[in-house]
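Please check each point against the coordinates.

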Amino acid sequence: MSHHPRTRTVLGCTLLVIALGAGVTGCGADGNPLSAEPYDAADQISFNGPTGDKKTVDPDKPLEVVAEDDDGRITDVTARDAAGRYVAGELSADGSRWHSTSPLAADARYTVRVSTEDEDGAPGRKVITFTTGKPSTTKRLGVTFGPKAGTYGVGQPITAELNAPVEDRAQRAVVERALKVTSTPAVTGSWHWVDDKKLHYRPKDYWPTRATIRVRSNLEGIKINDRLRGGKAKPLTITTGDRVIAVTDAAAHQLTVYKNGEEIKTIPVTTGKPGFETRNGVKVVLGKERFVRMRSTTVGIAEGSSESYDLDVYFATRVTWSGEYVHAAPWSVGSQGYANVSHGCVGMNTTNAEWFFDTVREGDLVKVVNSDGDTMEPFGNGFGDWNVPWEKWRQGSALTAGPDATPQEAARLRPWAA
């Protein structure tokens with residue numbers, strides 16, 4: 001059965017009417033089957049489940065809609081639940097069958113709209129409503145987004161902590177597809193699986209200034225595997241402030257602070273001495289402590305050894321969990337700007353340290369260059385996410401098939417123009 005010749009004729013007439021106006025009657029409504037009101041296609045369509053409110057559909061089984069009439073075919077199917085989540089599906093080439101390709105949520109009400117056409121090309125419609133049942137298991141995958149709501153620097157990654165491990169790539173794709181991140185102004189970004197229970201999200205470049213970033217999960221009720229379904233997750237909204245980047249040149253012994261691309265201050269500093277070199281690369285400010293007691297034993301230096309220390313430190317800005325800070329170091333003022341004498345931190349005089357402490361916020365960026373130290377690790381010791389090249393970052397997404405593939409459903413938002 002083929003309707004292609006008829007379809008071409010109808011389209012041609014339709015275009016002619018548009019071009020010449022309503023006064024043209026050569027292709028009037030009486031001769032155009034597509035201009036008729038859609039007929040009820042209920043007798044031509046079958047659905048593989050009960051409908052109505054009394055019975056429920058098994059959420060673990062795919063939906064299937066079939067054209068029973070040999071003289072008609074399905075032209076389109078849309079299925080979504082009451083929360084607005086669409087179900088992906090595939091329509092056969094001959095229009096005889098449609099089936100879902102994404103999982104259904106449990107305890108959800110769905111509306112399926114089926115469009116058809118008969119052998120004359122006349123359109124038909126059928127609307128199917130049904131409710132899915134309860135899942136066979138009560139285990140739910142919880143998701144906790146981070147950081148806490150607030151205003152951050154443009155380097156702040158988004159985190160998603162799962163309460164159960166997800167190892168299988170296909171199952172990870174189900175989870176990741178449901179974790180939505182939007183930004184105003186918009187950016188291109190992607191999730192990256194750090195391990196089986198943690199994901200990080202970052203843009204290709206830093207976040208825009210004065211951006212609003214919203215994070216939510218559409219995972220509730222969605223089947224992940226036979227023993228696990230998505231649970232509820234509290235949405236998150238954060239904003240960004242100015243673009244503040246502090247660049248420490250370990251060889252030049254100075255730190256330069258840039259705000260929205262403009263240099264605002266250069267500070268003499270000292271960084272890690274041989275054997276305790278400061279890590280190279282981009283780090284994200286994790287927090288600020290006006291006072292912290294720093295002891296060498298917390299980083300593996302034996303008490304009483306030649307390198308041991310126990311110091312009261314002020315205006316300490318943390319950039320790694322292992323104890324790397326930018327802080328006041330009045331004991332090394334004579335070396336600041338000239339030599340590297342610290343155990344890995346960036347030290348400066350107290351006045352400059354207080355200014356730096358008051359200028360930066362969580363999420364701002366501290367970049368170290370020209371140190372003999374290793375590069376900041378991407379994960380586990382703070383946020384080294386920006387040290388991962390974008391293409392490699394995208395490979396950490398379960399929605400990316402390979403190094404040269406494009407994420408199938410990663411957040412592809414309008415690139416931000418600086």
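1. A salt bridge here is a side-chain nitrogen of Lys or Arg within 4 Å of a carboxyl oxygen of Asp or Glu. Arg394 and Glu391 form one, with 2.5 Å between the closest N and O atoms. The two residues are three apart in helix H4 (residues 390-395), which means that about one helical turn separates them. Helices (H or I, at least four residues) and strands (E, at least two) are DSSP runs, numbered from the N terminus.

2. The model is predicted: local features need pLDDT of at least 70, side-chain atom pairs count only at pLDDT 80 or more, and totals for chains, interfaces and linings use all residues. Residues are numbered from 1 along each chain as its sequence is written, and side-chain values use heavy atoms, with hydrogens and water left out.

3. Buried means under 20% relative accessible area, exposed over 50%, and partly exposed in between (1.4 Å probe, protein chains only). Arg394 is buried at 5%, whereas Glu391 is partly exposed at 41%.

4. A salt bridge also joins Arg97 and Glu64, with the closest N and O atoms 2.3 Å apart. Arg97 is in strand S7 (residues 97-100) and Glu64 in strand S4 (residues 64-67), so the pair ties together parts 33 residues apart in sequence. Arg97 is partly exposed at 34% relative accessibility, and Glu64 is partly exposed at 25%.

5. Arg210 and Asp242 meet in a salt bridge of 3.0 Å, N to O. Arg210 is exposed at 53% relative accessibility, while Asp242 is buried at 16%.

6. The structure holds 13 salt bridges. Arg279, Lys283, Glu324 and Glu377 are linked in a salt-bridge network.
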